[in-house]
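Dear colleague,

I am passing on the structure that we talked about, and I would be grateful if you could look it over before setting up your own calculations. My notes on what was found follow below it.

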Amino acid sequence: MNGSDSAGDASLPRDPAFLASLASSLLDHGDVTLVYIDRQGVCRHADRRFAAALDRTPADLIGQTVAGIDHPVVDALRGAIDAVGLSPVPTTAPLDCQTVGCDGRRSMLSGSVIAHHDGQGDTLGYLGAFHETGDPNRIAEFVTRRDSFIATLLDAAVDGIIVSDRTGIIRSINRACCTMFGYEESELLGRSMTVLMPPPFSRDHNRYVDSYMRTDRAKIIGIGRDTLGQRKDGTVFPIHLSVGEARLGDDVTFVGIIRDISERLAAEQRATYLARHDPLTGVLTRTAFLEECEALFAGHHPEDAPPAPGAPAVEAAPDKGEGAFALFSLDVDQFSDVNEAFGFHVGDAALKAMVSRVTEVLPPNTIICRIAADEFAALARVSDGAHARTLAEVLHDRLTASIYADRHWVRLRLSVGAALQDDRTGSLEDLNAKAKLALQAVQHNGGNAVCFYTPEMAAAATRRMMLTMHLTHAIERNELHLVYQPIVDRAGVVRSAEALLRWNHHALGPVSPAEFIPVAEESGLIVPITDWVLSTAIEQMARWQADGVLPERVFLNISGQQFLRGNLTRRLDELLTEHPSLRHHLGLEITEQAAVRDLKVAVRTLGELADLGIQAAIDDFGSGYSSLSYVQQLPVAKLKIDRAFVIDVPENPKSNALVRAAVGMAHGLGLTTVAEGVETVEQRDFLVSVGCDMMQGYLFGRPMMPEALADMVRGQTAAVL
Ligand code: C2E
Ligand code: MG
Ligand code: MG
């Protein structure tokens, strides 16, 4: 130290040796290593670490010209000095260089070279300051050695983590991975990754490693994919694998992250299954059914079908009906009754039993689906029309036989609509529509039967659709009116009347109630129509009452749907508030089917009506499947014996017996009897002879306009007077 710089000088002494020793002493315990080369290229300072990186001592270097030292680090240093050059502005140049000591120990020097200027900006020399970043191999080793901290981190991971070298040898593996594959860690370390893969994948992996070794291109890096893993016990399971590559110097390490996706896939499969299958019965859903049938249907035409067993193999032209598809559309009649009577668990059990019976009866490979709660469809391959018919009948028999469901015996009524594929059936949709039409036809005819599609059904359905459309406007267009048919006592005196609805369409002409009432019920139009009937009849009765020609009772027909809706009594009460005295002149006719469909509601409603003074009659008695045992539970006053029985008396002894029995039993229950459809004097005489109380029919008067009935009543009164 020459002391040329006074202590008062603000700047530090610029002597390079001084600076170097200062830096050295300050940084001796730090990570930085220093070297100083003057502008002539002579090493003026080198600390122990720098010298060691060159496998020398500081004394070996200081005073030496760098040009005379043969070492990669010195080569790199010279390069950096050249880069800095003699520029007067302060400049630095980076330096990164690998070193290998004589013990083979590698290290990495990283840092920069800075130009050392005097006050005028002239370059005096170059200071190199570096970090020793250590041996890349040792870092890799550190990574794979799994010190306890990393091990803890890896083991805490939910996913399996596996580290392999570039040849696929496992270097490290976490606990999740060992558990997933059923190995101990020690069983896997040092082994090839392929032990964790089933054969086709392990072969692929080997091929992949070979290609990587040749080309250095890692195709799977960074791309996650679903593949298969194999456990120690040989079981194969789905995994998601993503591979990352860590390059440390020349060394490559692969890190694989593995997730067991069995549960995810199972959940996905379950979701797919649920989307395509009915959870209760396990059969297909409607959409899945249509898809599967469509696929099957597209690949099969009646002409392709093999000849029927026993048919000559050659020559015979294939019968178009052979080997066709038959579509069966099944619907349980009033299934809600089963649920209501026995509870949903019984209903569910009955549906399951139904499906297993369908499966039993129809040929194997039949596709079955549940379309709605109690509606099923099945597409089966049949040999011909006769085969289809037999199957449909057996199906109906089996499904309507008693089912033992959840400790109850249940008997279902079932409607079966069926359609057979022929060469005019273009598509599955066609076949489906035909089976549906056939089903509707069964239902229109009272249900609980089998019906095959015929072209007339399509025409009938079209007509029903058209009627529905026109019926919507019938009230506002004033196309409806009521006619009244007299009901007479045994002496032929008009006691009451039945109001019957007429629809006179402006273009179609008169449409029979037998045709449009079912259409109205199906479309829900029956609700406003019934309301119109009730108010119109009550208005008419009020007029008759004012004119003194009101019969003792005027009966209105109420459809089952309307009767069971629940607000009938309230509505009648409303309508009758203006004419309270008419309550005792009003009667309602309900069919026995409607009354027994929901006995509880029927009993309640009829009771409420009786409280209002309104009388109820059971219409069409004998036409349904109920019996007097049901009727006996209903608070009704009259029983109307169906025309079907009256028509045969007195010629048919069976009908005679039936009518006699019905009248006798009705009287036993305290009910008045009315015979419907009396057309002849003989019929009347017979009915009077068996004690029938009242009669209705063309013999006494056809349904007529209100004025005509008034005249009839007036005439009778005059006759009595
Ligand atoms: P229903 O209640 O059994 O009515 C008796 C049917 O028998 C009436 O047919 C009547 O015209 C017919 N009829 C009466 N006497 C004779 C006879 O001596 N010979 C023959 N061949 N027929 C006779 P209509 O008017 O065609 O009504 C048919 C059915 O339509 C009714 O049967 C009833 O169920 C229903 N209906 C009629 N009006 C209404 C209504 O306002 N509401 C509801 N919901 N249904 C109605
Ligand atoms: Mg009636
Ligand atoms: Mg009737």
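Predicted model: local features only at pLDDT ≥ 70, side-chain atom pairs only at ≥ 80, totals over all residues.

**The metal sites**

Two of them come from distant parts of the chain, with Glu498 in strand β19 (residues 494-505) and Asn557 in strand β21 (residues 553-557), 59 residues apart; helices (H or I, at least four residues) and strands (E, at least two) are DSSP runs numbered from the N terminus. Glu498 counts as buried because its relative accessibility is 4%, whereas Asn557, at 29%, is partly exposed, where buried means under 20% relative accessible area, exposed over 50%, and partly exposed in between (1.4 Å probe, protein chains only).

Asp619 bridges the magnesium ion (ligand 3) and the magnesium ion (ligand 2), which lie 3.9 Å apart. Asp619 is buried, with a relative accessibility of 7%, while Asp620 is partly exposed at 23%.

**Charged side chains**

The whole structure contains 24 salt bridges, a salt bridge being a side-chain nitrogen of Lys or Arg within 4 Å of a carboxyl oxygen of Asp or Glu. One of them joins Glu589 to Lys640, with the closest N and O atoms 2.5 Å apart. This pair links distant parts of the chain, Glu589 being in strand β22 (residues 586-591) and Lys640 in strand β24, 51 residues apart, and both residues are buried. Salt bridges that share partners connect Glu498, Glu589, Lys640 and Glu676 in one network.

Lys638, in strand β24 (residues 638-641), is buried yet has no salt bridge, and the nearest side chain of opposite charge, Glu552, is 6.9 Å away, with Lys and Arg counted as positive and Asp and Glu as negative, and His and the chain ends not counted. Beyond four places in sequence, the residues in contact with Lys638 include Phe555, Gln615 and Thr672, contact meaning heavy atoms within 4.5 Å.

Elsewhere, Arg370 and Asp278 meet in a salt bridge of 3.1 Å, N to O, and both are buried.

**Confidence and conventions**

The protein chain averages a pLDDT of 84, and 85% of the residues score at least 70, pLDDT being the predictor's confidence in each residue, from 0 to 100. Over residues 302-322 the pLDDT stays under 50, and the model has 20 contacts beyond four places in sequence for that stretch; over residues 25-29 it also stays under 50, with 6 such contacts.

Residues are numbered from 1 along each chain as its sequence is written, and chains are lettered from A and ligands numbered from 1 in the order in which they are written. Local features need pLDDT of at least 70 and side-chain atom pairs count only at pLDDT 80 or more, while totals for chains, interfaces and linings use all residues, and side-chain values use heavy atoms, with hydrogens and water left out.

Terms used. Donors = N, O, S within 2.8 Å, 3.2 Å for Na, K, Ca; no water.
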